[in-house]
Amino acid sequence: MLNETKLKEMLEGNQNLKEYFDSISEEQKKLLVSELSNLEKDSVLGLSKEETKWLREITGVYGEPTELKDIVKRERAKVREQYKNGDINSSEQYQMNKKIEKTRKPSYFGNRVRVHFFEREIKETKEEISKTKKATYEKLDALGIAKTEVPSYIMAHTDDELTETFGNHSYECLVNEAALVFPKNRLKVKANMETDSEYIPFYITEDYLQPRTYNALYNKETKAADTLGDLLYMSDEELMEVRGFGAKSLEDINKFKDLLSEKYPETMEEIEHEKTKVRK
């Protein structure tokens, strides 16, 4: 009976496969052992029939593990015999040998199986996201909120309020920083935040601002604005004090703020009100 310990012992002679086995998660190890042990399946883990057979031989599923070099030597002999018998032509012989030779590469099987796991995880993630989106939109329908009203709804509520409504951050599928849609509590200055996930990074403004404006506020030396909240809470006077920031840049920032005010008037009014209180 093949198990993780036995498979690991069998891989001792193949360092690259052993390193690959050690690098994958416990869940993936179990799947690898399960798939290789199921001899009813000719093809497993995204490998072809021949590759599956070779991997099973290398890992000793049929008995004692076989060295990959011995498998390659044997398979090349088979191809040579086919050519001698006239079953294949020289071009087909070349292509078949080329395919066999690929397995000589140290990371060949590891990479092929890793790709399989990666694609599987992507598929599962997409399915999970799809389920979450469906449940979230069902909740929106129950609340009587149309899809066109979602951005304003998100911007008018905090993370805690949205979690209370949708549960366990399932509303995150509605958040899109690139489209300037996010919970309103993330529009605070970075100094007031406890974790990086609580604020919107300044770099999302790159598509909305002129390069000169963006670079003046967000460069390695100063980083006058590290978050979107930093920018929104800065007064015109504070902006004008930033090195490289001039009248045209201020005009650029005001256009961006007008865009936000047009999309989310209540949120921007709250920010202006808070700024006034701070100045007093």
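I take helices (H or I, at least four residues) and strands (E, at least two) as DSSP runs, numbered from the N terminus. I am working on a predicted model, where local features need pLDDT of at least 70, side-chain atom pairs count only at pLDDT 80 or more, and totals for chains, interfaces and linings use all residues. I number residues from 1 along each chain as its sequence is written, and side-chain values use heavy atoms, with hydrogens and water left out.

**Entry: salt bridges**

I began with helix H7 (residues 108-143), where Arg120 and Glu124 sit four residues apart, about one turn of the helix. An α-helix has 3.6 residues a turn, so residues three or four places apart point the same way. I found the side chains of Arg120 and Glu124 joined by a salt bridge at 3.6 Å, N to O. For this term I require a side-chain nitrogen of Lys or Arg within 4 Å of a carboxyl oxygen of Asp or Glu.

I then looked up exposure, where buried means under 20% relative accessible area, exposed over 50%, and partly exposed in between (1.4 Å probe, protein chains only). Arg120 is partly exposed at 31%, and Glu124 is partly exposed at 37%.

I noted one network in which salt bridges that share partners join Lys53, Glu57, Arg74, Glu75 and Lys78. The structure holds 15 salt bridges.

I checked Glu26 and Lys29 next, and their closest N and O atoms are 3.4 Å apart in a salt bridge. The two residues are three apart in helix H3, so about one helical turn separates them. Glu26 is partly exposed at 46% relative accessibility, whereas Lys29 counts as buried at 11%.

I also looked at Arg76 and Glu101, whose side chains meet in a salt bridge of 3.2 Å, N to O. Arg76 belongs to helix H5 (residues 68-84) and Glu101 to helix H6 (residues 90-102), so the pair ties together parts that are 25 residues apart in sequence. Both ends are partly exposed: Arg76 has a relative accessible area of 30%, and Glu101 has 28%.

**Entry: helix H4**

How many of the 10 residues of H4 are buried? I count seven as buried, so H4 is largely enclosed by the rest of the structure. The buried residues are Glu51, Thr52, Trp54, Leu55, Arg56, Glu57 and Ile58. Glu57 also belongs to the salt-bridge network with Lys53, Arg74, Glu75 and Lys78. Just after H4, I see Gly60 with a positive phi of about 75°.

Most residues other than glycine have a negative phi, and most peptide bonds are trans. Leu45 lies in the loop between helix H3 (26-37) and helix H4 (49-58), and is buried with a relative accessible area of 1%.

Leu180 also has a positive phi, near 60°. I place Leu180 in the loop between helix H9 (159-166) and helix H10 (211-217). Its relative accessible area is 0%, and Leu180 is buried.

**Entry: aromatic pairs**

I list six aromatic pairs in the structure. Rings of Phe, Tyr and Trp (its six-membered ring) pair if their centres lie within 6.5 Å; planes under 30 degrees apart count as stacked, over 60 as edge-to-face and the rest as tilted. Tyr108 and Phe109 form an edge-to-face pair, 5.3 Å centre to centre with 85° between the planes. Tyr108 counts as buried at 12% relative accessibility, and Phe109 counts as buried at 4%. I also noted a cluster of Phe202, Tyr214 and Tyr218, linked by ring pairs.

**Entry: Lys134**

I found Lys134 in helix H7, and this lysine is exposed with a relative accessible area of 57%.
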